[in-house]
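Good morning, colleagues. Please look at the sequence and the model on the screen, and I shall take you through a few parts of it in turn.

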Amino acid sequence: MSHDALRQLRALHWLPASSPQLSAPLLDWLMEEDSMTRRFEQHCQQVTVKLIREAFIGAEEISEEAEFLPADPRFWLREIVLCGDGEPWLIGRTVVPESTLNGPEQMLQQLGTRPLGRYLFSSSTLSRDFINPGQVGDLWGRRSRLRLSGKPLLLTELFLPASPLYRALDQG
């Protein structure tokens, strides 16, 4: 399941936030400025992380993501499944330039099964450059460039079918 979902995440088609395909309830989720982990915690008892892959990769493995990041030779890659009460809700892919990983940001390499949002949103140096909504088939996702102490990382998220995002759409 996770490898198919990662392929779908990489195939997201990016849309402008003004796209007529994006309803108000959908935009409420996709343009969330706060931690998605916190948002998910409002819909379940426990949010957990299943680690798919965590490793350094070469620049050739980041393809279109490269346009949003410095031209480093190596990047820290973290691919995870975020689960609500054990049910897969989101696939996340974080790409961090090696140049970002100095000082306190080295902690990004040691998150393990800790949600990225818990680390990022506890930092007073966090800022966000943009959020791009995206779609692949019936699934929605988003891409966001964040900065810690001005140093960039790129986070791409695909909301899986069991995600509370889709329950919100059914009610809207």
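Predicted model: local features only at pLDDT ≥ 70, side-chain atom pairs only at ≥ 80, totals over all residues.

Strand β5, residues 126-136, is largely enclosed by the rest of the structure, because 8 of its 11 residues are buried. Buried here means under 20% relative accessible area, exposed means over 50%, and partly exposed lies in between, with a 1.4 Å probe and protein chains only. Helices (H or I, at least four residues) and strands (E, at least two) are DSSP runs, numbered from the N terminus. Residues are numbered from 1 along each chain as its sequence is written, and side-chain values use heavy atoms, with hydrogens and water left out.

Which strands pair with β5? Two strands pair if DSSP finds at least two bridges between them. Strand β1, residues 13-14, pairs with β5 in the antiparallel sense over 2 bridges, and Q135 in β5 is the bridge partner of H13. Strand β6, residues 139-148, also runs antiparallel to β5, and 10 bridges join these two strands. Within that pairing, G141 in β6 stands opposite G134. A hairpin is formed by β5 and β6, with 2 residues between them, and G137 in the turn has a positive phi of about 60 degrees.

I turn now to salt bridges. In general, side chains of opposite charge can pair when their charged atoms come close. The criterion is a side-chain nitrogen of Lys or Arg within 4 Å of a carboxyl oxygen of Asp or Glu. A search of the whole structure finds 14 salt bridges.

Are the two partners buried or exposed? R143 counts as buried, at 6% relative accessibility, whereas E64 counts as partly exposed, at 40%.

E79 and R93 form another salt bridge, with the closest N and O atoms 2.6 Å apart. Here too the pair links distant parts of the chain: E79 is in strand β3, R93 is in strand β4, and they are 14 residues apart. Both E79 and R93 are buried.

R53 and E61 also meet through their side chains in a salt bridge, at 3.3 Å from N to O. R53 is partly exposed, with a relative accessible area of 32%, and E61 is partly exposed at 34%.

V49 lies in strand β2, residues 47-58, and has a relative accessible area of 9%, so V49 is buried. Contact means heavy atoms within 4.5 Å; beyond its neighbours within four places in sequence, V49 is in contact with residues including I80, L82, T113 and P115. T37, in helix α3, residues 36-41, is buried at 6%. Not counting residues up to four places away in sequence, T37 touches V47, L82, P115, G117 and R118. T94 lies in strand β4, residues 87-97, and counts as buried at 5% relative accessibility. Its contacts, again leaving aside neighbours within four places in sequence, include W76, L116 and L154.
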